[in-house]
Amino acid sequence: MFNGPTNKSVVAPADGHVVVIEEVDEDEYFHDKRLMVSIFMSLTNVHANWIPCDGTVVKVAHQDGNFLKANLPKASTENERSMVVIRTPHGVEVMARQIAGAVARRIVTYPKVGEECFIDDHMGFIKFGSRVDVYLPLDSEVLVKMGQATVGDETLIARLK
């Protein structure tokens with residue numbers, strides 16, 4: 001049971017289901033290996049997105065792309081997407097990437113570089129079936145399982161070391 005965040009907590013940035021938990025090569029920002037936890041939002045989920053951890057926004061970027069089905073692995077790198085990178089108070093960087101899907105045609109991202117952000121802050125929203133990928137350091141403790149339902153801004157998905 002989740003008893004509230006700590007300053008090393010990472011919460012689900014979206015309502016949905018965990019569709020990926022794997023080590024990946026992240027080449028747009030980190031240029032190294034990261035743990036990726038992906039949450040797919042179906043048409044019936046709320047598509048509001050929340051900040052997954054406390055910290056300072058160090059990068060916000062939007063990338064035009066395709067509109068493949070968001071549950072496909074290549075959607076993370078080929079679809080239209082927006083990234084928000086947050087540096088925690090301990091200096092760990094976490095990236096949340098909003099990804100448009102086959103029906104989604106609009107991503108809205110609120111944070112600005114230099115702003116302080118906190119769990120409970122709105123990150124933005126994506127119109128209809130889409131997903132959010134969270135990129136974590138490899139030594140993070142993942143606390144969700146494949147297929148697990150998530151509640152945005154509530155479900156604890158990982159703990160940073």
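These legends accompany several close-up views of a predicted model.

The model is predicted, with local features requiring pLDDT of at least 70 and side-chain atom pairs pLDDT 80 or more, while totals for chains, interfaces and linings use all residues. Residues are numbered from 1 along each chain as its sequence is written, and side-chain values use heavy atoms, leaving out hydrogens and water.

View 1. Helices (H or I, at least four residues) and strands (E, at least two) are DSSP runs numbered from the N terminus. Along the principal axes, the C-alpha atoms fill a box of roughly 35 × 30 × 25 Å. Of the 161 residues, 50% are buried, meaning under 20% relative accessible area with a 1.4 Å probe and protein chains only.

**View 2. The open sheet of eight strands.** Follow the order S9-S5-S6-S7-S11-S3-S2-S13, where pairing is antiparallel; two strands pair if DSSP finds at least two bridges between them. At the edges sit S9 (116-117) and S13 (149-150), each pairing on one side only. Look also at S2 (residues 16-26) and S3 (residues 32-41), which run antiparallel and are joined by nine bridges.

**View 3. The open sheet of three strands.** Here the order is S4-S10-S8, again with antiparallel pairing. S4 (48-50) and S8 (107-109) are the edge strands. Neighbouring strands are turned by 20° against each other on average, direction ignored, using axes fitted to C-alpha atoms and angles from 0 to 180 degrees between N-to-C directions. Three bridges link S8 with S10 (residues 122-126), and Ile107 has Ile126 as its bridge partner in S10.

**View 4. The largest pocket, about 150 Å³ in volume.** On a 1 Å grid over the protein atoms alone, a pocket is an open set of points with protein on both sides within 12 Å along at least five of seven lines, and lining residues have an atom within 4 Å of a point. The volume is the space filled by probe spheres set on the points. S2 gives the most to the lining, with four residues, and helix H1 (75-78) supplies at least two. Among the lining residues are Glu22, Met36, Arg97 and Tyr135. By class, six are charged, four nonpolar and two polar: Asp, Glu, Lys and Arg count as charged, Ala, Val, Leu, Ile, Met, Phe, Trp, Tyr, Cys and Pro as nonpolar, and the others, Gly among them, as polar.

Methods. On a 1 Å grid over the protein atoms alone, a cavity is a set of points where a 1.4 Å probe fits but cannot get out, and a pocket is an open set with protein on both sides within 12 Å along at least five of seven lines; lining residues have an atom within 4 Å of a point.
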